[in-house]
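Here is a short report on one protein model. Keep the structure in view while reading.

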Amino acid sequence: MRLNPDKIKYLSKIIVDKLADSEDVELLQKKETVVKMLEKIITNDLQIEDSIEQEVREMLKEYSQTIRSEGLDYESLFRDRKSTRLNSSHIPLSRMPFSA
């Protein structure tokens with residue numbers, strides 16, 4: 001995962017603090033509870049993304065010979081395959097229930 005748990009906690013707190021300071025947002029639960037919920041959501045989304053990236057790596061591994069022999073750009077293929085996989089999977093990121 002690209003973000004460690006401490007960074008996720010830090011970012012979640014900043015986001016919730018900004019929302020709580022907004023006149024347009026009313027938190028229906030304690031700030032700490034909302035921060036924990038957001039941490040779970042971010043962690044879940046990053047885990048889903050990691051899983052999809054691993055699938056794409058495995059898929060491209062099967063074509064590594066062709067990729068090399070034809071001089072194809074691995075990073076570009078990776079991004080395209082990842083994007084296609086995300087779109088075709090219909091996996092809604094942030095699908096976690098909202099409970100701390």
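## Arg2 and its partners

Arg2 is exposed, with a relative accessible area of 53%. The model is predicted. Arg2 takes part in a salt bridge with Glu53, at 3.0 Å from N to O. Glu53 sits in helix H2, while Arg2 belongs to the segment before H1, so this contact ties together parts that are 51 residues apart in sequence. Is Glu53 buried or exposed? With a relative accessibility of 6%, Glu53 counts as buried. The cut-off for that class is under 20%.

Glu49 also forms a salt bridge with Arg2. Here the closest N and O atoms are 2.5 Å apart. Glu49 is in helix H2 and Arg2 in the segment before H1, so the pair links parts that are 47 residues apart in sequence. Glu49 has 21% relative accessibility and counts as partly exposed. Buried would require under 20%, so Glu49, at 21%, falls in the partly exposed class.

## The salt-bridge network

Glu53 has a further partner, Arg57. The closest N and O atoms of this salt bridge are 3.6 Å apart. Both Arg57 and Glu53 lie in helix H2. They are four residues apart, about one turn of the helix. Arg57 counts as partly exposed, at 35% relative accessibility.

Which residues do the shared partners join? Arg2, Glu49, Glu53, Arg57 and Lys82 form one network of salt bridges. The count for the protein comes to eight salt bridges.

## Overall fold

The protein has four helices and zero strands. Along the sequence, the pattern reads α-α-α-α. Helix H1 covers 5-21, and helix H2 covers 31-61.

The protein has 100 residues. Of these, 22% count as buried. Glu53 is one of the buried residues, at 6% relative accessibility.

## The largest pocket

How much space lies in the largest pocket? The volume is about 160 Å³. The lining consists of Lys9, Lys13, Asp17, Lys31, Glu32, Val35, Lys36 and Glu39.

Helix H1 and helix H2 each supply at least two of the lining residues. H2 gives the largest share, five residues.

## A nonpolar surface patch

Where does the surface carry a nonpolar patch? The patch is formed by Tyr10, Leu11, Ile14, Ile15, Leu19 and Val25. Together these residues have about 470 Å² of accessible area.

Leu19 is one member of the patch. Leu19 lies in helix H1. Its relative accessible area is 38%, and Leu19 is partly exposed. Patch membership needs over 30% relative accessible area, and Leu19 has 38%.

H1 supplies at least two residues to the lining of the largest pocket, and H1 holds Leu19, a residue of the nonpolar patch.

Notes
Residues are numbered from 1 along each chain as its sequence is written. This is a predicted model: local features need pLDDT of at least 70, side-chain atom pairs count only at pLDDT 80 or more; totals for chains, interfaces and linings use all residues. Side-chain values use heavy atoms; hydrogens and water are left out. On a 1 Å grid over the protein atoms alone, a cavity is a set of points where a 1.4 Å probe fits but cannot get out, and a pocket is an open set with protein on both sides within 12 Å along at least five of seven lines; lining residues have an atom within 4 Å of a point. Grid points are joined across faces, edges and corners, and a volume is the space filled by probe spheres set on the points. A salt bridge is a side-chain nitrogen of Lys or Arg within 4 Å of a carboxyl oxygen of Asp or Glu. Buried means under 20% relative accessible area, exposed over 50%, partly exposed in between (1.4 Å probe, protein chains only). Patches are made of residues with over 30% relative accessible area and no salt bridge: like charges are joined within 9 Å, nonpolar side chains (Val, Leu, Ile, Met, Phe, Trp, Tyr) within 5 Å. Accessible areas come from the Shrake-Rupley method with a 1.4 Å probe; for residues, only the protein chains shown count as cover.
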